[in-house]
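Please open the structure in a viewer and keep the sequence beside it.

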Amino acid sequence: MPHDVDASAALLEQVNHALNDATPLRIQGGASKAHLGRSTPGEVLDTRGHRGIVSYDPTELVLTARAGTPLREIEAALEENGQMLPCEPPHLGDGATLGGAVAAGLSGPRRPWAGSVRDYVLGSRLITGQGKLLRFGGEVMKNVAGYDLSRLMAGSFGCLGLLTEVSLKVLPKPRQCLSLRLELDAEAALLRLAEWGQQPLPISAASHDGQTLRLRLEGGEGSVTAARQRLGGEEIDNLYWLELREQRLPFFRGEGALWRLSLPANCGPLELPGRQLLDWSGAQRWLKSDAEAALIQAVLSEVGGHATGFFAGLEQPFQPLTAVLLRYQRQLKQQLDPQGIFNPGRLYAEI
């Protein structure tokens, strides 16, 4: 497949045909995250033919690429210049694309310290539910209704419009990276992490599997060395964080359905059936459990968090919305996709 193709005209034509025929569209890139969300009806709109890095200025720390560009190509271009996507978006498959990464809004182990996918989106081009190709970004990143549309697309799962191009802020890779393993139980680990979070330590990832706490230290050589001496533990391969990000650790292959639990900072241990793996210093937790979805989501709601089912076939994979939030979501969908052709019902049956 060619590395640089502008297929925006063909995508716009397909959207306008769908609008004229009232045909729903199922937006798809590499399908690496097709198991997330509710099943969506409609004609497949494949973004992979619209690809290529449009511009990249390492000195300005800005990269712009078409939505169908494979994430691996973007990461390779950044690697050549000693730079990275700080939010570490997971691929979850060989064909992951930039558009899919932004639409899913998922971030890797560095998220609490560096920010989310949304935080690095500077601008975008997008095909709206009115059949127009528009550009958002620059000094003013809002449309006339006051929405920050570029960042609003992050985590929208394609329900609000079709991303065709994204501009991202990138950062230099840290000069030093070192990972440690410390033997602590989960409760002690959470207490230590809360304590370390108040101190100037160069921690950029923290995970606990029930028995062992793993930390990643990143920064200048002096600060990393000093932190390593202070924290102790045993040095491990940095590859662990890639395996965690891509859900390739043995934990993810075990029995039970996979849930992603998002929690307030410094939340204590959660009493839930099944096994847990802590990430993001405990703010994100992975749960393997056969418990009912309603039970898991109710427990998370009680502590101010939310649970997402990371497997296909679930009637309500995302945390149920309150009546107020559901009304806002419906209004937003109506504003941006009035005919409801983009991934209808992917997030919630009512949207």
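Predicted model: local features only at pLDDT ≥ 70, side-chain atom pairs only at ≥ 80, totals over all residues.

Residues are numbered from 1 along each chain as its sequence is written, and side-chain values use heavy atoms, with hydrogens and water left out.

**Salt bridges**

A salt bridge here is a side-chain nitrogen of Lys or Arg within 4 Å of a carboxyl oxygen of Asp or Glu. By this rule, the model holds 15 salt bridges.

Select Arg 38 and Glu 315 to begin. Their side chains form a salt bridge, with 3.0 Å from N to O. Arg 38 belongs to the loop between β1 (25-28) and β2 (43-46), and Glu 315 to the loop between β17 (306-309) and α12 (323-336), so the pair ties together parts that are 277 residues apart in sequence. The elements named here are DSSP runs numbered from the N terminus: helices (H or I) have at least four residues and strands (E) at least two. For accessibility, buried means under 20% relative accessible area, exposed over 50%, and partly exposed in between, computed with a 1.4 Å probe on protein chains only. Arg 38, at 16% relative accessibility, counts as buried, whereas Glu 315, at 55%, counts as exposed.

Next, select Glu 88 and Arg 110, whose side chains meet in a salt bridge at 3.5 Å, N to O. Glu 88 lies in the loop between β5 (83-84) and α3 (98-104), and Arg 110 in the loop between α3 and α4 (111-114), so this pair ties together parts that are 22 residues apart in sequence. Both residues, Glu 88 and Arg 110, are buried.

Move on to Lys 333 and Asp 337, which are joined by a salt bridge of 2.7 Å, N to O. Lys 333 is buried at 8% relative accessibility, and Asp 337 is buried at 1%.

**A strand pair**

Which strand is largely enclosed by the rest of the structure? Select β15 (residues 275-279): four of its five residues are buried, so β15 is largely enclosed in this way. Two strands count as paired if DSSP finds at least two bridges between them. Asp 279 has Gln 284 in β16 as its bridge partner. Finally, select Trp 280 in the hairpin of β15 and β16, where four residues lie between the strands; Trp 280 takes a positive phi near 55°.
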